[in-house]
Amino acid sequence: MARTFPNIVITGTPGVGKTTHCEMLAERTGLKHLSINDIVKDRECHEGWDEEYESWIVDEDKLLDAMEEQVQQGGCILDWHACDLFPKSWVDLVVVLRVDSTTLYDRLSARKYPEIKLQENLDSEIMEVLLQEARDAYDEEIVVELQSNTADDMDVNVDRIEAWVKQWKENNNAEEAK
Ligand code: ADP
């Protein structure tokens with residue numbers, strides 16, 4: 001079934017600004033912000049809590065089943081620190097947010113992350129792990145890397161994605177009318 005609204009993945013290391021971007025985008029575009037963390041927790045798509053990392057151990061099959069019906073209808077913004085589990089057929093755009101390591105350090109420290117989790121996330125950002133994961137999983141033309149260091153960055157990013165959504169709708173609704 002063709003979607004009349006696109007699905008967008010907003011990904012990146014924890015602390016890059018995914019939630020903040022998604023909330024602004026949802027408000028501006030009318031797309032629905034799906035916080036994958038909340039789905040994992042609320043619909044129990046996990047195998048328990050990891051005490052060391054202070055995070056859920058995700059059951060990916062259960063998670064995909066829980067999301068499938070809604071995502072296939074289109075119009076979803078998927079907010080998560082991973083992306084390669086989402087089937088290619090679900091995804092129209094992948095935005096990988098990036099941040100300088102000193103800024104990320106400050107944001108994660110403010111969240112009182114356990115030291116091991118903080119270091120792993122800093123390493124992951126420096127090594128561009130999420131960007132590589134996105135490029136490996138999806139066609140290169142749908143993967144966009146955007147900086148998220150400042151409030152100005154965020155405004156520019158949201159404007160850009162909003163314009164992309166508008167264009168996508170024009171293109172796809174025009175295709176449908178043929
Ligand atoms: P994530 O969902 O990726 O973990 P959040 O959206 O929760 O990140 O952002 C983490 C913190 O960093 C929040 O306090 C948020 O206000 C701040 N932040 C995120 N992006 C930016 C940005 N581009 N400029 C300034 N502050 C930001």
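What follows is a short exchange about helices, salt bridges and surface patches.

Modeller: This is a predicted model, where local features need pLDDT of at least 70, side-chain atom pairs count only at pLDDT 80 or more, and totals for chains, interfaces and linings use all residues. Residues are numbered from 1 along each chain as its sequence is written, and side-chain values use heavy atoms, with hydrogens and water left out.

Colleague: How many salt bridges are there?

Modeller: Side chains of opposite charge can pair when their charged atoms come close. A salt bridge here is a side-chain nitrogen of Lys or Arg within 4 Å of a carboxyl oxygen of Asp or Glu. By this rule the count is eight.

Colleague: What is the distance between the closest N and O atoms of Arg28 and Asp159?

Modeller: Arg28 lies in helix H1 (residues 18-29) and Asp159 in helix H7 (residues 151-177), so their pairing ties together parts 131 residues apart in sequence. Helices are DSSP runs of H or I with at least four residues, strands are runs of E with at least two, and both are numbered from the N terminus. The two side chains form a salt bridge, and the closest N and O atoms of Arg28 and Asp159 are apart by 2.4 Å.

Colleague: Are Arg28 and Asp159 buried or exposed, or partly exposed?

Modeller: Buried means under 20% relative accessible area, exposed means over 50%, and partly exposed is in between (1.4 Å probe, protein chains only). Arg28 has 35% relative accessibility. Asp159 has 42%. Therefore both Arg28 and Asp159 count as partly exposed.

Colleague: Which helix holds Glu162, a partner of Arg28?

Modeller: The side chains of Arg28 and Glu162 meet in a salt bridge, 2.9 Å from N to O. The pair links distant parts of the chain, 134 residues apart, with Arg28 in helix H1 and Glu162 in helix H7. Glu162 is partly exposed, at 26% relative accessible area. The helix that holds Glu162 is H7.

Colleague: Where does Glu128, the partner of Arg98, lie?

Modeller: Arg98 and Glu128 form a salt bridge through their side chains, with 3.2 Å from N to O. The two are 30 residues apart, and Arg98 sits in strand S6 (residues 93-98). Glu128 lies in the loop between H5 and H6.

Colleague: What is the relative accessible area of Lys112?

Modeller: Lys112 lies in the loop between helix H4 (101-110) and H5. Its phi is positive, about 60°, although Lys112 is not a glycine. Glu128 also has a positive phi, near 60°. Lys112 is exposed, because its relative accessible area is 70%.

Colleague: Is Asn121 buried or exposed?

Modeller: Asn121 is in helix H5 (residues 115-126). Leaving out residues up to four places away in sequence, Asn121 touches Thr13, Pro14, Leu104, Leu108 and Tyr113. Contact means heavy atoms within 4.5 Å. The relative accessible area of Asn121 is 12%, so Asn121 is buried.

Colleague: What separates the C-alpha atoms of Gln119 and Tyr105?

Modeller: Gln119 is also found in helix H5. Gln119 counts as partly exposed, at 34% relative accessibility. Tyr105 is 14 residues away from Gln119 along the chain, and their C-alpha atoms are separated by 8.6 Å.

Colleague: Which helix gives the largest share of the negative patch?

Modeller: Patches are made of residues with over 30% relative accessible area and no salt bridge; like charges are joined within 9 Å, and nonpolar side chains (Val, Leu, Ile, Met, Phe, Trp, Tyr) within 5 Å. The negative one is formed by Glu60, Asp61, Asp65, Glu68, Glu69, Asp84 and Asp136. Glu60 is partly exposed, at 42% relative accessible area. The largest share, five residues, comes from helix H3 (residues 60-72).

Colleague: What is the area of the nonpolar surface patch?

Modeller: Val129, in helix H6 (residues 129-137), counts as partly exposed at 38% relative accessibility. Ile126, Met127 and Val129 make the patch, with an area of about 310 Å².

Key. Areas by Shrake-Rupley, 256 points an atom, 1.4 Å probe, with all protein chains shown as cover. Lys, Arg positive; Asp, Glu negative; His and termini not counted. Charge placed at Lys NZ, Arg CZ, Asp CG, Glu CD.
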